[in-house]
Amino acid sequence: MNEQNAKGAFSHAERDPALAGKDPRVYVIGENPLVAETRPDALDDDTTPTEKFFVRNNGKVVSPTDDPPRWTLSIDGEVENALALPLGEIRQKFTHVTQRMMLECGGNGRAFFSPETKGVQWHHGGAGCAEWTGVRLRDVLAAAGLKETARFTGHFGADPALDAEHPSPPISRGIPIAKAMDENTLLVFAMNGEDLLPVHGFPLRLVVPGWAGSVSHKWLTRILIRKDRHDGTLMDPWHYRVPASPMNYGDKFDPTKFVDLEAMPVRSIITSPAQGARVAAACSLRGAAWAGDRPVRQVEISKDKGASWQQAGLSAPKNPYDWTRFTAQVTLSPGTHELWSRATDSEGNAQPEEARGWNPQGYCANPVHKIEVTVG
Ligand SMILES: Nc1nc2c(c(=O)[nH]1)N[C@H]1C(S)=C(S)[C@@H](COP(=O)(O)O)O[C@H]1N2
Ligand SMILES: [Mo]
């Protein structure tokens, strides 16, 4: 399966106004709701520009409010003082933080599973690394005063369901309180130095880096602090849950053997050259690797379909949730070659050559990235 076969050259604005201004290499893989992934060669910037950032919606895109300072976030549930904080006050009262951090959809890689699983067929491009500006969620939770009983969050946003047949809200997920209190979990109002675009959650969203993107709630209006795991839309036994130990296609679905998908697995992509490119015999490669909550230990390149591997050079990430950029040099004979990249995380988990860990909803497929290039 090859993401580069997907159509790229059309006007997004004609297709959906919510994608106006997006690079044509951000291509639509779902129309209703609107979902679009980024071709790996469009992820070649150290910081992913907003026009190249993937899009994932479960309901409708919220029309921009004309009064962002009055957009209000409520914090209630297991807190000493329930809060209703206008965005203007959030910006004034709490310390601003800017960090380049990964956001990745839990379904990224799904298209590589065989047999095919239901859900949006992502290749490797349901991920990006933008610079997010906001305040720490922990500072806001401290202002509300967490009770001893606070264990879990529940997130609510302003996006309406697609139609009457869909549940409303279209998504309402949550995280354990420890992740909410992580200093890197942010309430974000700016992306790459500008107000969030409507499609990315304007005027306020969560960014819970390293974890499946579904908990990074857009158009955020309320965080409910709970004693127990949240039970909102898509917190059911099927969604964003993975088997605790490996299963096979055809195994009976036993919800008691599944656990919540939290951190994403290790992945790498070659961002230059592009799939299908003509290259020189002395070919320079660039790419990126990331591994959810974990550092990337190494990235390797193969020009002989995995028979041998050479080490890529790694750049130091700026923070624990930044991606690791890599470079490598390969010498190629005339003709067409496959180039593969494989990353390994700090625990020694490496990307498999083909997607492993099949599960019914198709989460966490992270096979090595393979591109084809031609010399001559
Ligand atoms: N309110 C709301 N927040 C949401 C979603 C959504 O449908 N509605 N989708 C989630 C999912 S599944 C992902 S992967 C990320 C994608 O963020 P992006 O569209 O800014 O790339 O947003 C998350 N936040
Ligand atoms: Mo997602």
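I began with Ala42: leaving aside residues up to four places away in sequence, Ala42 touches Arg25 and Lys52, a contact being heavy atoms within 4.5 Å. The model is a predicted one, in which local features need pLDDT of at least 70, side-chain atom pairs count only at pLDDT 80 or more, and totals for chains, interfaces and linings use all residues. Residues are numbered from 1 along each chain as its sequence is written, chains are lettered from A and ligands numbered from 1 in the order in which they are written, and side-chain values use heavy atoms, with hydrogens and water left out.

I placed Ala42 in the loop between strand S2 (34–38) and strand S3 (55–56). Helices (H or I, at least four residues) and strands (E, at least two) are DSSP runs, numbered from the N terminus. Ala42 has 0% relative accessibility and so counts as buried. Buried means under 20% relative accessible area, exposed over 50%, and partly exposed in between (1.4 Å probe, protein chains only). I also noted Val26, which is 16 residues from Ala42 in sequence and 7.9 Å from it in space, C-alpha to C-alpha.

**Whole chain**

I counted four helices and 23 strands in the protein chain. The radius of gyration is 21 Å, close to the 21 Å that the globule rule gives for 376 residues, so the chain is as compact as a globular protein of that length. That radius is taken over C-alpha atoms, and the rule is 2.2 Å times the number of residues to the power 0.38. The C-alpha atoms fill a box of roughly 70 × 45 × 40 Å along the principal axes.

I found 56% of the 376 residues buried. Of the contacts with a separation of 6 or more, 70% are between residues 24 or more positions apart.

**Confidence**

I read a mean pLDDT of 95 for the protein chain, with 97% of its residues at 70 or more; pLDDT is the predictor's confidence in each residue, from 0 to 100. Over residues 1–9 the pLDDT is below 50, and this stretch has 18 contacts in the model beyond near neighbours in sequence. Where pLDDT is low, the predicted coordinates should not be read in detail. Among the elements, helix H1 (residues 12–15) has the lowest mean pLDDT (74) and strand S11 (residues 205–207) the highest (99).

**Backbone**

Most residues other than glycine have a negative phi, and most peptide bonds are trans. A cis bond joins Asn32 and Pro33, with omega about 10°; Pro33 is in the loop between strand S1 (26–31) and S2. The bond from Ser168 to Pro169 is also cis, omega being near 0°, and Pro169 lies in the loop between strand S8 (152–157) and helix H4 (177–180).

Tyr240, not a glycine, has a positive phi of about 50°. I located Tyr240 in the loop between strand S12 (220–226) and strand S13 (241–243), where its 5% relative accessibility counts as buried. Lys305 has a positive phi near 55° and is found in the loop between strand S18 (296–302) and strand S19 (310–311).

**Met264**

I ended with Met264, in the loop between strand S14 (258–260) and strand S15 (267–272). Met264 is buried at 4% relative accessible area. Not counting residues up to four places away in sequence, Met264 touches residues including Glu104, Cys105, Trp211 and Ala291. Tyr363 is 99 residues from Met264 in sequence and 9.1 Å from it in space, C-alpha to C-alpha.
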